[in-house]
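Hi everyone, thanks for coming. Have a look at the picture first, and then I'll walk you through the fold.

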Amino acid sequence: MKENFPITKRSPGELPPPVDESRVRAMRHVTRERLTSRGLTCVADDATLIVSELITNAILHSGGMQIQLTLDLRDGVLCIRVHDGVTGPRPTAQTPDDDDEHGRGLVLVQEIARSRRGAWGVSDNGATTWCELSLVAC
């Protein structure tokens with residue numbers, strides 16, 4: 001499955017408009033529907049959270065104008081990719097302080113991937129963030 005959608009070009013620090021926030025909800029819904037329709041309800045909650053976090057990061061930090069979400073099933077593994085088309089520094093999972101209101105998204109992705117015997121990462125050019133979840137436990 002591939003879903004492409006535009007996002008609003010913003011200045012650094014400017015909050016995304018409601019239309020971009022609604023795209024996160026829409027992609028969560030599409031992810032859950034696609035997985036449950038294929039009998040993969042066992043991974044739907046985790047995949048939906050990962051999609052939400054990766055798309056939110058792309059909207060907030062890429063500076064791009066287009067995002068592509070890809071979900072693939074290969075050899076017992078669910079592959080999730082969010083491509084924003086903007087090359088740059090690779091995001092890393094950093095443990096936020098207890099008082100921080102943001103910054104937990106990639107830590108969540110990392111922990112979900114680990115608990116599902118998977119992995120996550122960023123393409124060498126920084127334009128795609130991906131996560132793989134094993135379906136062995138499903």
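So, a quick definition: two strands count as paired if DSSP finds at least two bridges between them. Helices (H or I, at least four residues) and strands (E, at least two) are DSSP runs, numbered from the N terminus. Keep in mind that this is a predicted model, where local features need pLDDT of at least 70, side-chain atom pairs count only at pLDDT 80 or more, and totals for chains, interfaces and linings use all residues. Residues are numbered from 1 along each chain as its sequence is written, and side-chain values use heavy atoms, with hydrogens and water left out.

Okay, β2 and β3: they pair antiparallel over seven bridges. R74 sits opposite V77 in β3. Zooming out, there's an open sheet of five strands, in the order β1-β2-β3-β5-β4, with antiparallel pairing. β1 (2-6) and β4 are at the edges with a single partner strand each, so one side of each has no neighbour in the sheet.

What about the helices? α2 lies across β1, β2, β3 and β5, at about 15° to β3; axes here are lines fitted to C-alpha atoms, for helices over the stretch in contact (heavy atoms within 4.5 Å), and angles run from 0 to 180 degrees between N-to-C directions.

Last stop, I80. Which residues does I80 touch, leaving out those up to four places away in sequence? Among them are A47, I50, V51 and L54, plus L69, W130 and L133.

Overall, the chain has three helices and five strands, running β-α-α-β-β-α-β-β from the N terminus. Thanks!
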